[in-house]
Amino acid sequence: MGISFTVLSSGSTGNATVVRNEDTTLLIDAGLSAKRIDELLKERDLSGEELDGILVTHEHSDHVKGLGAMARKYNLPVYANEKTWFAISNAVGQIADDNRRILETGATREFESLRVESFGISHDAAEPVGYSFYDGAEKLSVATDLGYVSDKVKQAISDADVLVLESNHDVEMLRMGRYPWNIKRRILSDIGHLSNEMAGAILSELLTGRTKRTYLAHLSRDHNMMELAKLTVRGAMEDRGCFYKDSEFRLCDTYYDRPTPWDKVSEP
């Protein structure tokens with residue numbers, strides 16, 4: 001079967017992704033209400049009963065809003081590093097002690113035949129992380145909420161068959177937007193969010209021939225548009241001498257209000 005995934009929702013209003021293989025089905029973040037997550041799961045012919053656990057990237061509400069409710073409703077183990085557990089303790093309500101699992105930054109955990117690696121990222125949270133998933137030779141990496149992409153992050157997500165990468169904002173749209181300057185400054189900082197241009201710059205370094213698709217994720221509804229993001233990312237890659245054919249590599253959409261189709265990592 002290999003790895004399959006669907007991005008249930010992506011953006012500042014809520015984030016959740018499902019990754020599964022023949023043995024294991026994991027939810028990455030639960031940033032919407034439990035009711036809404038259940039609805040999105042149903043759209044992809046899944047139910048909460050089929051989940052084997054929840055991985056948490058960091059404590060911001062758009063990533064943990066429904067975490068406690070989902071964990072209690074389906075008696076799910078929740079995996080996060082210690083600093084993130086401390087940061088979310090008051091926000092997610094009671095979670096059974098047996099379901100409070102520690103997955104430290106940089107650690108690897110085996111879920112049957114699905115291997116998960118955690119890696120640290122730069123964001124204004126207690127100890128935010130991204131995740132890479134392995135099944136045999138297949139690799140899927142998920143990295144959003146990035147102020148910038150360090151060499152360690154590049155190493156962690158390099159050679160992924162499929163990548164889910166933040167492309168949060170268009171810099172000029174953000175600068176001209178309605179947000180107060182202190183919020184704009186935070187978004188633009190090294191602990192903020194990755195712009196379209198920066199996403200393209202990173203992809204130009206990472207694209208080695210193995211990565212077949214990149215899903216542009218966590219787009220701002222106020223300061224970005226999917227077509228603009230794809231155009232800017234592709235332009236930034238070409239400016240750096242990285243040219244590709246659509247048959248070799250594709251930029252894919254994510255949505256805040258509906259899930260992406262199931263994607264099998266092994267497919268070309």
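Two strands count as paired here if DSSP finds at least two bridges between them. Helices (H or I, at least four residues) and strands (E, at least two) are DSSP runs, numbered from the N terminus. E166 sits opposite A217 of β12. The model is a predicted one: local features need pLDDT of at least 70, side-chain atom pairs count only at pLDDT 80 or more, and totals for chains, interfaces and linings use all residues. Residues are numbered from 1 along each chain as its sequence is written, and side-chain values use heavy atoms, with hydrogens and water left out.

β11 and β12 belong to an open sheet of seven strands with mixed pairing, in the order β7-β8-β9-β10-β11-β12-β13. At the edges stand β7 (108–111) and β13 (250–252); each has a single partner strand, so one side of each is left without a neighbour in the sheet. On average, neighbouring strands of this sheet are turned by 20° against each other, direction ignored. Axes are lines fitted to C-alpha atoms (for helices, over the stretch in contact), and angles run from 0 to 180 degrees between N-to-C directions. Helix α9 (residues 226–239) lies across β12 and β13, at about 130° to β12.

β1 and β2 pair in the antiparallel sense over five bridges, with F5 opposite V19 in β2. Their hairpin has six residues between the strands, and in it G11 takes a positive phi near 145°. A second hairpin, this time through four residues, joins β2 to β3. Those two strands are also antiparallel, with four bridges, and R20 has T25 in β3 as its bridge partner. Buried means under 20% relative accessible area, exposed over 50%, and partly exposed in between (1.4 Å probe, protein chains only). Four of the five residues of β2 are buried, so this strand is largely enclosed by the rest of the structure.

Helix α1 (residues 34–43) has A34, I37, D38, L40 and L41 as its buried residues. They span an arc of only 165° around the axis, which puts them on the same side of α1; the arc is that of the directions from the helix axis to the C-beta atoms. K35 and K42, on the other side of α1, are exposed. The buried residues pack against β1 (4–9), β2 (16–20), β3 (25–28) and α3 (67–74). After α1 comes D45, with a positive phi near 60°.

As for rings, the structure holds four aromatic pairs. Rings of Phe, Tyr and Trp (its six-membered ring) pair if their centres lie within 6.5 Å; planes under 30 degrees apart count as stacked, over 60 as edge-to-face and the rest as tilted. One of the pairs, Y79 with F111, is edge-to-face, at 5.1 Å centre to centre and 80° between the planes. It links distant parts of the chain, with Y79 in strand β5 (residues 78–80) and F111 in strand β7, 32 residues apart. Both Y79 and F111 are buried. Y131 and F133 make a tilted pair, 6.3 Å centre to centre and 45° between the planes.

Terms used
Contact means heavy atoms within 4.5 Å.
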